[in-house]
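Reader: I have a model open and would like to go through some of the wording used for it. Could you take me through a few terms?

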Amino acid sequence: MSQEQNTAAKLAQKNAPKATPAAAPESLAAISHDLRAVREEKLRQLRAAGEDPFRNNWPQTHTSAQAIALTPAPGTPAPEGQAHAFGPEVSLAGRIVALRIMGKAAFVKILDRDGIVQLYFTRDEVGADRYNNHFKRLDTGDFIGVRGPLFRTSTGEATVRVKDYALVAKALRPLPEKWHGLTDSEQIYRQRYLDLIVNADSRRRLLLRSRIVAEIRRYLWEREFIEVETPTFHTTAGGAAARPFITHFNALSCDFFLRIALELHLKRALVGGIDRVFELGRVFRNEGFDKKHSPEFTMLEVYQAYSDHRGMMELIQGLILHLCKSAIGATTIRNDKGVDIVLDGPWREVSYKDLIIEKTGDPAWFSRTHDEKLTFARDVLKLDVRPDWKDYEITGEIYGKLIEPNLIQPTFVMNIPKELCPLAKLNQADPATLDVFELCINGQEIAPAYSEQNDPIQQREMLETQAGEEIQKVDYDFLEALEHGMPPAGGMGVGIDRLVVLLTGAANIRDTILFPVLSPKRQTPAAPAANEGSAAGTPAAEMEGK
């Protein structure tokens, strides 16, 4: 029997009618095996006593952290005639996460937005009737408001000595059995609200994400970039090579695509004279998901006129170092495998071709025939490659499976093959490659950036070549805008979810997304249960790229 069930049974004994139990409402003893039913009965009893278990408000004067900071320092002498040195009186509110009743006194811990603080209740202070008939009907998970002075216990813990309190919201379902740890991975992602309550690391990481996003905005605003918002519904799925989600717009009687990139509308802003522009927005790609990819994710795209991919290198390195100092407080990050990633040291710069040659051990790799590449990749490198793949796709498989996962320290991979992106300028020294870098850290791409293609004739050729027979995939409205003239520019995309993984040392993209995409759960009313079960779900992660 759990502690909550034990408590329910004891209260049931005390409250059970003595004369005619059969005529009384269902006793707590009869339902002590069913924790939700126990709580519903407590709720009924509170309402019957004239209490409002779901109040409109509670006037807070401090948070837990502010209250702890105001508590007298350890060792502060108590005034004559008092057992403790008391600090100011505070008014706090939060969720009960621990409840220990010891006869005429009790220790309670509540969780608010800043953390956890301890409360001390006594029957003498709050009154015998209220202590016995109201306070003892509280449960872990309930929200309460309290008022009282601050002091330190004999163990030195900052504590509020409660003079007055109120139940402000009753919880009808219990927290996980061990409130200090929710470890079922499916339950963590499907019931994130429980994860935020019981897992301090999850709570810290998701609050840190908000700060990271705020610092990104501040960094760009200080450099005179303008933030804009562009459409989520697109008539053409452009700006990336990805399968889109399709939705139907009833009012216009036509299909639209959910955007797979922010790029083409931001370049229209460059045409319109907004020389430094960025957007932080949700992007959707109807593709698979795993620990690094999700069908919906948050993307930063930034464009700067009269710059190029080299200018973007300076921008992203400065931005990440700024985030390390302003949001994280460290420039060396330990990843989930225990490897230290040094972000304030030199960032390696290496060409895509050199990495391929290094991995294959073949300086003549790029002049080999298709069959030679296919055979080597399949038989020597043991990769799953298909005969109908093009040369650059075989090479890309080598890069994606054998090279990128091992780029743990910051690395700019330069000059990727021209077939991989139709929106960047060709490299003048090697027209088979592009003026592009992919920044890889922690074994994954963090930020690709281009010297943006602004020649409308060449841009049209590259987009139509990529589209092949599916010419409807070409955004001709964008090409028309480009014909009005776009200044030379550097452009970059940064996957926010992956960046947060890097900066927080998370093991999975799902850990950085508040409510990740999961397989649907059958929508039926939740039945009362003695013990809360975990829900089955499918993990989600992030799919991103400029």
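Reader: What makes β16 and β17 a pair?

Author: Two strands pair if DSSP finds at least two bridges between them, and β16 (residues 411-414) and β17 (residues 436-441) have four bridges, in the antiparallel sense. So they count as paired by that rule. Strands themselves are DSSP runs of E with at least two residues, and helices are runs of H or I with at least four, numbered from the N terminus.

Author: A word on origins: this is a predicted model, where local features need pLDDT of at least 70, side-chain atom pairs count only at pLDDT 80 or more, and totals for chains, interfaces and linings use all residues. Residues are numbered from 1 along each chain as its sequence is written, and side-chain values use heavy atoms, leaving out hydrogens and water.

Reader: Why are β7 and β15 called edge strands?

Author: The open, mixed sheet has eight strands in the order β7-β11-β12-β19-β18-β17-β16-β15. β7 (226-227) and β15 (348-351) each pair on one side only.

Reader: Why is Asp475 called buried?

Author: Buried means under 20% relative accessible area (exposed is over 50%, partly exposed in between; 1.4 Å probe, protein chains only). Asp475 has 11%, so it counts as buried. Its place is the loop between α15 (456-467) and α16 (476-483).

Reader: Which residues does Asp475 touch?

Author: Contact means heavy atoms within 4.5 Å. Not counting residues up to four places away in sequence, Asp475 touches Thr236, Leu264 and Arg268.
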